[in-house]
Amino acid sequence: VSNVADVKKALGTAAVDRFVHDGMSVGLGTGTTAVWVTRRIAERLREGSLQSVRAVATSLQTELEARTAGVPLFTLNDAALGGELDITIDGADEIDPAGNLIKGGGGALLREKVAAYASRRLLIIADESKLSQRLGASFAIPVEIVLDALRPVVRRVQEMGGSAVLREGARKAGPVVTDLGNLLLDVTFKDPFDPPAMEDGLKSIPGVLESGLFTKKKPDLLIGLRDGRLDYRER
Ligand code: A5P
């Protein structure tokens, strides 16, 4: 039995070694699992066993990590990328049997979704504790909103049968402000919901920028098992 920290490192390392090749454009995810992707790419570039990778960061956390480690960063607006990535490798908070995801525990869901949906391939790396029979069973849906829409969005979510809690900062008074200057609601529903319909429903509320439901881009999964094995499941 391996501890979760070792599993996360093994996942990020294996994801790069198996799926990132010379010359690829790569979306770098956010969180304690995806950080190992950035670290492994940096290591391989230094060794010279990987070349000409162009990376796009999905958060300030990842950007700092990549810049410090010397991974060449681009944005999706750079002409060199043509608005598309070969692959994005990211973590997740909950994964259902159909490959629908909840992401955004780290508050980076908007940039993560832009990168994920703009990628030819989305690879999700997660330890098996993230697998869930039903999305929303153990994790709220993070929703990024503009400040002006806070009360109207909370109301609308209540009308939809849910409840919404403003995410508060840790060691900072007041709400979390995202990398893009917005607020986050953590939204829960007592009743089971259809993930693709809920992604559309939340997105249709004025003032909602994105939700952490990822249902439109089916990922390949690399799952870290408790016994240390990595299980690859292609979509
Ligand atoms: C960040 O906003 C998230 O989407 C992360 O990808 C997700 O929270 C998983 O993070 P960990 O790998 O740290 O659990």
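In the predicted model, a salt bridge joins the side chains of Glu 199 and Lys 113, with an N to O distance of 2.8 Å. Because Glu 199 belongs to helix H6 (residues 195-203) and Lys 113 to helix H4, this contact ties together parts of the chain that lie 86 residues apart in sequence. Both partners, Glu 199 and Lys 113, are buried, which means that each has a relative accessible area under 20%. The pair belongs to a structure that holds 22 salt bridges.

Helix H2 takes part in two further contacts of this kind. In one of them, Asp 17 forms a salt bridge with Arg 40, the closest N and O atoms being 2.8 Å apart; Asp 17 is located in helix H1 (residues 4-19) and Arg 40 in helix H2 (residues 35-47), so that distant parts of the chain, 23 residues apart, are linked by the pair. The two partners fall into separate accessibility classes, since Asp 17 is partly exposed at 34% relative accessibility, whereas Arg 40, with a relative accessible area of 16%, is buried. Salt bridges with shared partners also connect Asp 17, Arg 40, Glu 43 and Arg 44 into one network. In the other contact, the side chains of Glu 65 and Arg 39 meet in a salt bridge with an N to O distance of 2.9 Å. As Glu 65 lies in helix H3 and Arg 39 in helix H2, the pair ties together parts 26 residues apart in sequence. Here Glu 65 is partly exposed, with a relative accessible area of 22%, and Arg 39 is likewise partly exposed, with a value of 34%.

The largest nonpolar core contains 25 residues, of which Val 26, Leu 28, Ile 41, Ile 89, Leu 123 and Ile 125 touch the most other members. At least two residues of this core are supplied by each of H1, strand E1 (25-28), H2, E2, strand E4 (85-90) and strand E7 (119-127), and the greatest contribution, 6 residues, is that of H1. In soluble globular proteins, nonpolar side chains tend to be buried together.

When the lining of the largest pocket is sorted by class, 7 residues are nonpolar, 2 are polar and 3 are charged.

Among the strands, an open sheet is formed by 3 members in the order E5-E6-E12, with antiparallel pairing. Strand E5 (94-95) and strand E12 (213-214) are the edge strands, each pairing on one side only. Strand E5 is joined to strand E6 (residues 101-102) by 2 bridges, and these two strands run antiparallel. Within this pairing, Leu 101 of E6 is the bridge partner of Ile 95.

Methods: Residues numbered from 1 in each chain as written. Predicted model: local features only at pLDDT ≥ 70, side-chain atom pairs only at ≥ 80, totals over all residues. Heavy atoms only, no water. Nonpolar A, V, L, I, M, F, W, Y, C, P; charged D, E, K, R; others polar. Salt bridge = Lys/Arg side-chain N within 4 Å of Asp/Glu carboxyl O. Helix = DSSP H or I, 4+ residues; strand = E, 2+ residues; numbered from the N terminus. Buried < 20%, exposed > 50% of the residue type's maximum accessible area, 1.4 Å probe, protein only. Pairing = 2+ DSSP bridges. Core = buried A, V, L, I, M, F, W, Y, C linked by side-chain atoms within 4.5 Å.
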